[in-house]
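Please open the model in a viewer and keep the selection panel at hand.

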Amino acid sequence: KASYRQPSVEDNRARLPALVWKDVMAVLEECMLVDEAQGVRAIAISTLPFLPPKESGTEACLESTWKAAAPGDNSESSVRAAALKALGLLSRVSPYSHDLTFLIRAADAMERCHRDAFIAVRVRAAFALATLCECSQLCKGARSEYMRHHASLQLVRLVEFALRAVADNDKVRVYGVRALGYLAGRADFVQLLGSASSRENAMALCARVETELSRIIAPQVHSVKARWNACHSARLLFAADAKPDELPWSIKLISALETAATGADNFKVRIQATIALRSIRSATSFGGFEEVQRVWGVLIRAVQGQVELRDPSQYRYKDKLVAEQKLCLLRLTALLCDALVAEQGG
C-alpha cells in the first residue's frame, strides 16, 4: 500500500505562489476582523491552524483568535467555539507546541470558557484541553527547580480543569477523561504533583482521578464514547514508564476495567478495557498473586463462554475481542509466574 502523509503547513505554503498567499491572507484577515456575520468569522478562524506561522498576516489572525477565545456576548458563541478549537489544534504544531508562553495563554483561554452557557463552547474548550495535554510540552522538560515547580503548578491546574470537564455534559466528559489520561499517564506524575504542595495532596488528587475514571468505566450509564475514552486513559495510566510499585493506582480502577472487559454492553468498550488490563506490568498493581489469579479466572471463563451479541452490528468486533482476551490472558499468566517465583525466593 502507498503510504499517505497528511500535508503539513509547509507543504501547503509551498504549493501556492507568494502572491496567492498574500491574497489569501488579506481575505482571511478581513473575514476575521471586519465581517459582521458570526458564521463567516468562525469559519475564518478555523483556518488558522493550517496557515504558515511565518506568513505575513498570520500574527494578526492569531491575535484576532485570542480576542475571540474569551467569555463574552452569547451571540458570539460559534466564534468563541471556533477560536478555542483553533488554539487546541495550534498547540500540537510547531512552533506553538514548544512555546510555553503560547501554551499557558491557551490554557488560560480554555479554562475561562469552560463554564460557558453554551454546550458547544464547553465541548470545544474540553477538546482543546485534551489536544493540548496530548501534544504540548507545557509540563515537560523542566530541568531547573524553579521551572519544575512552575510545571507542577500548571499540571495541578490542568488536572483540576479536566476533572471539572468530567463532571459536565457527556459530550464534554469525553474530552475530560481523555485529558486525564494524557496528564496522569506521565512517569513523574506523582512527583510533580508533590512538588506543587505535598505528597499527601498529590495522592489525594490521584485518588480523585482514579475515582472519576472508575465511575465512568464500570457502570453502563455513560455513553460508549465516554467509557471507551476512560478505558483508554486507564491504559495510559498503567502503561506509564515508572516503576510498578510507584504507580498510585489501586485495585478500584482494575476492578472497574475487569467489569467492563467482561460485562460491558458494547464490544468496543470491552476491547479497550481488556487492552488496559493487558498494560498492567506487575502483580503489585493488582494487590498480589491472589487478585491476579482471580482476574485470570474471570477472563478464562469469558473466553471459554458464549459471547453474547445483543446488538448484531457488533458482530464484526467479536473476533477482535476474543483475540485481545487471549493476549491479556498470556500477560496475566506471565505475571502469575513472576509472582510465584518471587514468593519462592527466586
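Predicted model: local features only at pLDDT ≥ 70, side-chain atom pairs only at ≥ 80, totals over all residues.

Select helix H7 and display its C-alpha trace. At 1.5 Å a residue, the 17 residues of H7 should span 24 Å, and the C-alpha atoms at its ends are 24 Å apart, so the two values agree. In the numbering of the chain, H7 covers residues 119–135.

Next, colour H7 by burial. The helix is mostly covered, with 12 of its 17 residues buried. The buried set comprises Val121, Arg122, Val123, Ala125, Ala126, Phe127, Ala128, Leu129, Ala130, Thr131, Leu132 and Cys133.

The crossing in which H7 passes H9 is left-handed.

Show the side chains where these two helices meet. On the H7 side, select Ile119, Arg122, Val123, Ala126, Phe127, Leu129, Ala130, Cys133 and Glu134. Their counterparts in H9 are Lys171, Val172, Tyr175, Arg178, Ala179, Tyr182 and Leu183. By class, the residues of this contact of H7 with H9 divide into 12 nonpolar, no polar and four charged. Several H7 residues in the selection carry over from the burial view: Arg122, Val123, Ala126, Phe127, Leu129, Ala130 and Cys133 are among the buried residues of H7.

The crossing of H5 and H6 is left-handed.

Which residues form the contact between H5 and H6? Leu84, Leu87, Gly88 and Leu90 in H5 meet Phe102, Ala109 and Met110 in H6. This contact has six nonpolar residues, one polar residue and no charged residues.

Finally, clear the selection and view the whole protein chain. It contains 17 helices and zero strands. Of the 346 residues in the protein chain, 48% are buried. Among contacts with a separation of 6 or more, 70% involve residues 24 or more positions apart.

Methods. Residues numbered from 1 in each chain as written. Heavy atoms only, no water. Axes fitted to C-alpha atoms, helices over the stretch in contact; angles between N-to-C directions. Helix = DSSP H or I, 4+ residues; strand = E, 2+ residues; numbered from the N terminus. Left-handed = near helix turned anticlockwise from the far one by under 90°. Contact = heavy atoms within 4.5 Å. Nonpolar A, V, L, I, M, F, W, Y, C, P; charged D, E, K, R; others polar. Expected span 1.5 Å × (residues − 1). Buried < 20%, exposed > 50% of the residue type's maximum accessible area, 1.4 Å probe, protein only.
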